[in-house]
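Hi everyone, thanks for making time for this. I'd like to walk you through one model, and you can follow along on the screen.

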Amino acid sequence: MFSAYLDFIRIRFLMMLAYRVNYYSGILIYTLNIGVYYFTWQAIYGSQQTLGGFTADQMTTYVAVSWMARAFYFNNLDREIANDIRDGSVAIQFIRPYNYVFVKMMQGLGEGLFRLLLFMGPGMIIACILFPVKLPTDPAAWTAFLFMLLMSFLINSQINIFTGLLSFFVENNEGMMRMKRVLVDLFSGVIVPISLFPGWLSGIMKFLPFQAITFLPSSVFTGRIQGTGIWQVLGIQLLWFTILILPIFLMWRSARHRLFVQGG
Amino acid sequence: MLAIDVKDLRKEFNVQKNREGVKGAMLDLFRREYTKVRAVKDISFQIPKGEICGYIGENGAGKSTTIKMLTGILVPTSGDIRVNGFVPYQEREKFVRGIGVVFGQRSQLWWDIGVIESFQLLRKVYRVPEAEFKKRLDELVERLQLQDLLNRPVRKLSLGQRMRCELVASLLHNPSIVFLDEPTIGLDIVVKTEIREFLKQMNQRYETTILLTTHDLQDIEALCSRVIMLDDGRIIYDGGLDELKAKWGKGREVHFQFAAPFQLEQLQFLTAGLEVAWSIENEYTAKVWIPLEVNVSDVLSRVVGTTEITDIKIIETNTDDIVREIYKSGSAEESKLHLLGEEKVSNV
């Protein structure tokens, strides 16, 4: 059975590879994104040395690393699930001896690996040449980061799956999915690091799962969090991963009883 | 041994009520009103192992809902289901290993990858051993002539090609029960025939139980020994196809072509005493309607010999007509149908 789940990773990877134009434009988009944020932050810093504890160079690295992380954890599982539910093809998922939620998670992983290796890899090399990005040389930092990246993926996918499954309960899930997307991009710290948020807002952020997606792992990787702080970050990620299992489980269970296969 | 055992099965859906006008829409924002719709109304039936059973009814009669409960997709509101000894929705993952399902209107293959990749993936999902898989695939591929299609992506297949692949996909794990929901919808007559032949052979060879919904009654005539007919969520007929024809086929029609002109009165005089109805089309051709109680040969023997006849055609009511008749009468004839049902019981 496990090999079937692995196959879902492989097949999603192959499917992404099948569209070539998509591939080349993807590399360009990721490089451009890093570039746009780099110049924006340059303008904001102006002659200032630091901003919210970040030096301009740290900020450049933070931006590059955050986008690298986003390449891996980002997926459209919410939309895919919502579509499956809306057009009734979720029925097909119920006649197979596997767990739909796990399958979706694996497909997301295949997509993430593809983006990380084939979009972000080349994109990062280009970004390192063009902009002053300083990646750590310590292998321990890389190991920790990769593990945290996996956790970011899991937490983000859980939020996506949760949002997607809402389609079982509301007629039109479009609004929720858009809101989720904005929330995740803004509150995870991809656009603005959370330490630059006003005090009250960054206070609230401490109680939400979003910072565990980008801000915390990127802070570790850029060296702003060190020593025991790293374990704390890992703890927070694991905690959110565990907490988010429960609502998904409950939703999936009650969805079985609510399922109304549309279109006959 | 029973393959499917259903008792007092019921399914209700909550359907949203949309109130009228701006005010209604505003009210809907805060409090939705729902109406309960009962799609399947306490039906019971049993299907023994190895039987091919047709499950027919008009659109919206509750066929698909029943199939979805039998396959574990939907959870019934009340009643008992046992399929293959499982309660489908409870032990879903274990249960679905033993069944195959084809939905004519939905694909279960992966759209973007080659057909063979889909099959390989299903092999892993169903944990079919490699050797067994290969043997079975070869057999199915040869039987349904898919050799040339295996490497094509599913999105590039025609409907007929896709449907044959869907069949293979649902049979790779050698299920003992197969559910087919409109498997021949939209297919041309050649593919239809091919699929019917294939299903029949599979049933004979592996004793596969097949439950089939369709709007094409030729599917039923070609395959099914038994029919369950559904109307508005209730079973209105459950029995053999021949029996259905005998009960509902009200009579036969005989067409005569005469060599010489004739009068209607002449013909009526010839068959005096028999309860038949004549009608004429022109002075050379006439039709006679003969109810089931009257023998066709009695009528023929009276007519033949008195006039010179150039052609005789006997027309039996076909299943299409019968079913159309039953659909049309629907609930109005329900009492009559219940009588029929009771009569059947007393006959036994």
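Let me start with a term we need for the first stop: helices here are DSSP runs of H or I with at least four residues, numbered from the N terminus. Please also keep in mind that this is a predicted model.

So, the open space first. The largest pocket has a volume of about 1,100 Å³. Its lining is made up of 41 residues, and those nearest the pocket centre are A:Arg12, A:Met15, A:Glu80, A:Lys104 and B:Asp112. Which helix gives the most to that lining? It is α6(A), with eight residues. On your screens, α6 of chain A covers 100-130. At least two lining residues each also come from α1 (2-17), α2 (20-45), α3 (56-73), α4 (77-86) and α5 (90-94) of chain A.

Let's move over to chain B. The domain assignment gives domain 1 as 2-246 and domain 2 as 251-316. Taken over C-alpha atoms, the centres of these two domains of chain B are 46 Å apart.

Is B:Ala3 buried or exposed? B:Ala3 counts as buried because its relative accessibility is 4%, and the cut-off for buried is under 20%. B:Asp5, at 26%, counts as partly exposed.

B:Ala3 and B:Val83 are 80 residues apart in sequence, yet their C-alpha atoms are 5.7 Å apart in space. Beyond its neighbours within four places in sequence, B:Ala3 has contacts including B:Ile47, B:Pro48, B:Ile177 and B:Thr209. With residues up to four places away again left out, B:Asp5 touches B:Phe45, B:Gln46, B:Asp80, B:Ile81 and B:Arg82. One of these comes with a polar contact: the side chains of B:Asp5 and B:Gln46 meet at 3.2 Å. By contrast, the C-alpha atoms of B:Asp5 and B:Leu217, 212 residues apart along the chain, are separated by 24 Å.

My last stop is helix α7 of chain B, residues 189-206. At 1.5 Å a residue, its 18 residues should span 26 Å, and the end C-alpha atoms are 26 Å apart, so the two agree. At the start of α7(B), a side-chain oxygen of B:Asp188 comes to within 2.9 Å of the backbone nitrogen of B:Val190. Just after the helix, B:Glu207 has a positive phi of about 55°.

What does the buried part of α7(B) pack against? The partners in chain B are β3 (52-57), α5 (130-144), α6 (159-171), β6 (177-181), β7 (209-213) and α8 (217-223). Among the buried residues of α7(B) are B:Val191, B:Ile195, B:Phe198, B:Leu199 and B:Met202. B:Lys192, B:Glu194 and B:Arg196 are buried as well.

That's my tour, and I'm happy to take questions.

Note on methods. Residues are numbered from 1 along each chain as its sequence is written. Chains are lettered from A and ligands numbered from 1 in the order in which they are written. This is a predicted model: local features need pLDDT of at least 70, side-chain atom pairs count only at pLDDT 80 or more; totals for chains, interfaces and linings use all residues. Side-chain values use heavy atoms; hydrogens and water are left out. Buried means under 20% relative accessible area, exposed over 50%, partly exposed in between (1.4 Å probe, protein chains only). Contact means heavy atoms within 4.5 Å. Domain bounds come from an automatic or database domain assignment. The expected span of a helix is 1.5 Å times one less than its number of residues. A polar contact is a pair of N or O atoms within 3.5 Å; within protein, one must be able to donate a hydrogen and the other to accept it, and residues adjacent in sequence count only if both atoms are side-chain atoms. On a 1 Å grid over the protein atoms alone, a cavity is a set of points where a 1.4 Å probe fits but cannot get out, and a pocket is an open set with protein on both sides within 12 Å along at least five of seven lines; lining residues have an atom within 4 Å of a point. Grid points are joined across faces, edges and corners, and a volume is the space filled by probe spheres set on the points.
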